[in-house]
Amino acid sequence: MALLEIHDLHASVEGHEILKGVSLTVNAGEVHSIMGPNGSGKSTLSAVLARRDAYKVTGGTVLFNGKDLLEMDPEEAACEGVFLAFQYPVEIPGIGNAYFLRSAMNAIRKHHGEDELDAMDFLPLYKERMKLLEMDEKFMNRSVNEGFSGGEKKRNEILQMAMLEPKLAILDETDSGLDIDALRIVSQGVNAMRGKDRAFLVITHYQRLLNYIKPDYVHVLVDGKIARSGGPELALELEEKGYGWAEADAPQAQPA
Amino acid sequence: MATTTPRLEKYLEAYEAVRAQGHDREPVWLEQLREDGWARFSAKGFPSTHDEDWRFTNLAALAKTAFRRAAQGEIAAPAEQLERYRVAGTACQLVFINGRFAPQLSDLGSLPDGLLVCSLKQAIDCGREGCAPEGIEQHLGRYANMDRDVFTALNTALWEDGAYLRVRRGVALEQPIHLLYVSAGAQIATHPRTLIIAENGSQASVIEDYVSLGSEAAFSNAVTELAAGEEAVIAHFLVERENTASFNVSTLRIEQSRSAQVDTHSILLGGGLVRNNVHPVLNGEGAECLINGLFVGAGRQQGAGQHMDNYMLVEHAQPHCSSRQFYNGILADNAHGVFHGRIVVHKDAQKTDAKQTNRNLLLSDHARIDTKPQLEIYADDVKCTHGATIGQIDESQLFYLRSRGFTLADARNLLLYAFAAECLDRMREPAAREFAEALIRERLEELTAAAKATGTGAQEESEPNREELG
Ligand SMILES: Nc1ncnc2c1ncn2[C@@H]1O[C@H](COP(=O)(O)OP(=O)(O)OP(=O)(O)O)[C@@H](O)[C@H]1O
Ligand SMILES: [Mg+2]
């Protein structure tokens, strides 16, 4: 059974159809990259998978781990193992990072019938992962993303991913806004988490990220549909020929 | 001009009883004060919504209820029932039942030197016997304005007791003083009067706490005068947590001398119709005032939602003073909030620095807020800013939290708490802050639980479904 099976997904925002029949199968252990021009629907796809209310599904099915993902609330999807690293992480003044993350972990643990982590169990783990991502401990007590630089926010997303250990991590342009060192550090963080039980959907505009995080498959989303699929070489070809080429003669290479 | 309706007769009865009781006991100046108060109240009656200061608050329900004066000893409040109203970490607690001091229920602890705490009536009786009553005549009724405000006039005519605090020059209290005003019984009106005199260089915190025993309607009409001497550092907390059948009008009048620093915190969680008047006068150079508040209103079992009207009048009378107003409102169901923030800068008050911010969260389509800044500036070299926002819980924040596993209820609760915590963060007195925090948490949890039970309040779910089919 595939970890994620998207079949003919249609979705709209504010009455506009954005996804127009997306099909995609992701097995545990795989890394899929999704590329595509601005406005083609990449973030919309991630929002639908993370179950954001404003994004209405108007057709198709999505199975996650064999369960109907479209029936789930955002919190259920999160507890089942879907994680979205936001393209634009949200600032939440007044809520401390450490408190926020420990509560999130405990919500997920509770869902699985596990005991809650107290601060004593949580803190060493948190500090260790922060170190891995070369984040200063002072971020711990600051409000979630408040006043963080663009790159700091992205790192904080990956830190949360590292703590929550999802089954499916969707990284929506995590590389944008990262400096060269941060790109390397964040990629290392992601690579350290690759494993046979976990899959990644890596949304990016830049082949450069894929030098660090080597995908198994690359898909090109154009106007709400997957126009092309292929191996890592597709990203190189795209970089060379541009999206026009991907749109022009789309052979629909997706092996369903 | 609502003079002698049958309802107002109850107030006349109360006035006559209070006068009879004070006859031969109260000093002449006090009798005069009461007479003046009564004259003003009986001439004007309760204000109507035509009165600009009462535009958003309709007092018809208050005016037509026959609130009466409690009979002596009518309610015996058992000590056990008051146990849950103790506040940890306070220096002492004075308990008033229906406006009368209850020494057997109070805990005067071991008061530090340089602090005088007793009931105002005791202090005045004491004065009659010639033992250290100093200051009362110079301060009582000197600040609160009976001409402007009929509630102050009514309180002045009818008060029976309240707290009297005097902190001596240079004395710093380490723990706050807790004044617990309890309403109990049906349709009882009380008029607590508090006088706080902080001498030069003194430091103290006072919590004024209004609660009800039982669910019957009460009317509390409180007036507090706080005189802060030079360089005094004072924090005042008002906690309104009476039942939602009750009316509460409170007036805090602060007089600040040179470089006095006063923080006021209003925490309005209970009450049905609440009017919170805060009126600092910065009357000495370099005085600073923080006017901080949180009001949380929701529906009621019967009738309309809670109504919370905050009327700020910040007067800058001398140069180089600063005032900071921060009020946050959370309104659910069909609650109605009002924030009227008036700043008056007198012509000599150059270099005034006044700031006002009112932020509101509306949790339902029926909740309502009226927010009105009013700046009157007669000096030319001043800095005055004001701003108000009205919003809903931010959908993207809600989604962010839910995408990390928080339930909708927990996410809402957390965001509400973060909003409320802006006010908590401005409280510097640890015991009072902790107390306020626990009350606010409890109130917000009630709100979220109620929203969950009735399925209301979740903004994004009540939105029309914009899905396009086919
Ligand atoms: N709330 C909304 N209201 C109206 N249109 C929206 C809304 N959200 C997204 N859209 C539109 O949907 C389309 C797809 O947006 P989406 O964010 O999914 O694109 P994307 O592929 O992630 O683009 P980018 O590469 O720029 O991040 C865009 O044309 C966008 O304007
Ligand atoms: Mg995007």
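Helices (H or I, at least four residues) and strands (E, at least two) are DSSP runs, numbered from the N terminus. On that basis, Thr224(B) lies in strand β9 (residues 218-228) of chain B. This is a predicted model, in which local features need pLDDT of at least 70 and side-chain atom pairs count only at pLDDT 80 or more, while totals for chains, interfaces and linings use all residues. Residues are numbered from 1 along each chain as its sequence is written, chains are lettered from A and ligands numbered from 1 in the order in which they are written, and side-chain values use heavy atoms, with hydrogens and water left out.

**Chain B as a whole**

- Chain B contains 11 helices and 20 strands.
- Its radius of gyration, taken over C-alpha atoms, is 22 Å, close to the 23 Å that the globule rule gives for 470 residues, so chain B is as compact as a globular protein of that length. The globule rule is 2.2 Å times the number of residues to the power 0.38.
- Along the principal axes, the C-alpha atoms of chain B fill a box of roughly 90 × 50 × 45 Å.
- Of the 470 residues in chain B, 59% are buried. Buried means under 20% relative accessible area, exposed over 50%, and partly exposed in between (1.4 Å probe, protein chains only).
- Among contacts in chain B with a separation of 6 or more, 84% are between residues 24 or more positions apart; contact means heavy atoms within 4.5 Å.
- Carbon and sulfur atoms hold 48% of the accessible surface of chain B, which comes to about 18,400 Å² (Shrake-Rupley method with a 1.4 Å probe; for residues, only the protein chains shown count as cover).
- Chain B carries 46 positive and 64 negative side chains, and the centres of the two sets lie 2 Å apart. Lys and Arg count as positive and Asp and Glu as negative, without His and the chain ends; each charge is placed at NZ of Lys, CZ of Arg, CG of Asp or CD of Glu.

- Thr224(B) is buried at 1% relative accessibility. Leaving aside neighbours within four places in sequence, its contacts are Thr194(B), Ile196(B), Glu208(B), His236(B), Thr251(B), Leu252(B) and Arg253(B).
- Phe101(B), in strand β2 (residues 100-101) of chain B, is buried at 16% relative accessibility. Not counting residues up to four places away in sequence, Phe101(B) touches several residues, including Leu94(B), Phe96(B), Gln122(B) and Asp161(B).
- Phe101(B) and Ala163(B) are 62 residues apart along the chain, with 8.3 Å between their C-alpha atoms.

**Magnesium site and helix α1 of chain A**

- Ser43(A) (OG) and Gln87(A) (OE1) coordinate the magnesium ion (ligand 2) at 2.0 to 2.2 Å. Ser43(A) belongs to helix α1 (residues 42-49) and Gln87(A) to the loop between β6 (82-85) and β7 (92-96), 44 residues apart.
- Donors are N, O and S atoms within 2.8 Å of the metal (3.2 Å for Na, K and Ca); water is not among the atoms, so sites may look incomplete.
- Ser43(A) is partly exposed at 28% relative accessibility, whereas Gln87(A) is buried at 15%.
- Seven of the eight residues of α1(A) are buried, so the helix is largely enclosed by the rest of the structure.
- Just after α1(A), Arg51(A) has a positive phi of about 70 degrees.

**Glu165(A)**

- Glu165(A) sits in the loop between α5 (150-164) and β9 (168-172) of chain A and is partly exposed at 45% relative accessibility.
- Not counting residues up to four places away in sequence, Glu165(A) touches Arg129(A), Met193(A) and Arg198(A).
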